[in-house]
Amino acid sequence: MTFRFTATTAAVALLAGFALPAAAAPITTLYSTGVDAVGVATIGSGADLHWTLNGGSAFTGGTNGVFPIPPWVNETAKSRWLTPSANAADGFYDPSSDGIYTYTQVFSLAGYKASTASFSGLFASDNTVDKITLNGVTIAGSGGSFSARNAFNSTGGTFNAGVNTLTFTVRNDAQIGGNPTGLNVDVAGTATAVPEPASWALMVVGFGMVGFATRRRQNVVAA
């Protein structure tokens, strides 16, 4: 049997590709703490590139093997501790009351289908996290410690099609004489990418090829 590869079969093959479900892609605008633009842990002290603290800068500054790391869990190649100051000290410390520290990351889902988005990760904190929120909705209650990493995810949260805000509210227990505080977050997410305009144009061309080939075949049969 001879198979004729006509314009119709070519267009159908093209459209079949578009019919396949789109694969989830990494959310490239979502970052762990203490990493550069490609998600690799930075070196040395400095303001974090993606997270803020109480509306200002959050700093990397800890060093594995130097207090407070340990007793804090070690930093890794994928995430670092963030603190209120560049030397891992509690820059806002008030010995008369607990300190509240709000760490925030704003990321975008432009180019993604928001309804397909999700993320998960691990966090450690000194002392504990009061809550984790996504766009103002609590996705995890109080918990965590500085000696172990704890799991969290986006379950229960709602993603926006554009700008999204992930927030960790950390409570540092009052302690006379000083008390370091910090947050370490290792997070990653995925979402289905929205087809580029060129891809939509290619699909429209495919439909046109099917229509043209169908009409041509009808004309030939009629003749």
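Analyst: In soluble globular proteins, nonpolar side chains tend to be buried together. A nonpolar core is a set of buried Ala, Val, Leu, Ile, Met, Phe, Trp, Tyr and Cys residues joined through side-chain atoms within 4.5 Å, where buried means under 20% relative accessible area, exposed means over 50%, and partly exposed lies in between, with a 1.4 Å probe and protein chains only. In this predicted model, the largest nonpolar core has 28 residues, and those with the most contacts inside it are Tyr-103, Phe-107, Phe-119, Leu-166 and Phe-168. Two or more residues each come from β2, β5, β6 (112–126), β7, β10 (163–172) and β11 (182–193), and the element that gives the most is β6, with 5 residues.

User: Which residues does Leu-166 touch?

Analyst: Contact means heavy atoms within 4.5 Å. Not counting residues up to four places away in sequence, Leu-166 touches Leu-30, Trp-51, Tyr-103, Thr-104, Gln-105, Phe-107, Phe-119, Ile-132, Thr-133 and Ile-139. There is also a second, separate core of 5 residues, which includes Ile-69, Trp-72, Val-73 and Ala-124.

User: What should I know about the numbering and the model before going on?

Analyst: Residues are numbered from 1 along each chain as its sequence is written. The model is predicted, with local features needing pLDDT of at least 70 and side-chain atom pairs counting only at pLDDT 80 or more, while totals for chains, interfaces and linings use all residues, and side-chain values use heavy atoms, with hydrogens and water left out.

User: How many helices and strands are in the chain, and in what order do the elements run?

Analyst: Helices (H or I, at least four residues) and strands (E, at least two) are DSSP runs, numbered from the N terminus. The chain has 2 helices and 11 strands, and from the N terminus on its elements run α-β-β-β-β-β-β-β-β-β-β-β-α. Buried residues make up 35% of its 223 residues, and of the contacts with a separation of 6 or more, 73% are between residues 24 or more positions apart.

User: How is strand pairing read, and how is β2 joined to β3?

Analyst: Two strands pair if DSSP finds at least two bridges between them. Here β2 and β3 run antiparallel and are joined by 4 bridges, with Leu-53 standing opposite Gly-56 in β3. The two strands form a hairpin with 2 residues between them. β2 is also joined to β5 (residues 99–108) by 3 bridges, again in an antiparallel arrangement, and in this pair Thr-52 stands opposite Thr-104.

User: Which backbone feature marks Asn-54 in the turn, and is Asn-54 buried or partly exposed?

Analyst: Asn-54 has a positive phi of about 50 degrees although it is not a glycine, and with 42% relative accessibility it counts as partly exposed. Asn-135, in the loop between β7 (128–134) and β8, is likewise not a glycine and has a positive phi of about 55 degrees; at 24% relative accessibility, Asn-135 counts as partly exposed.
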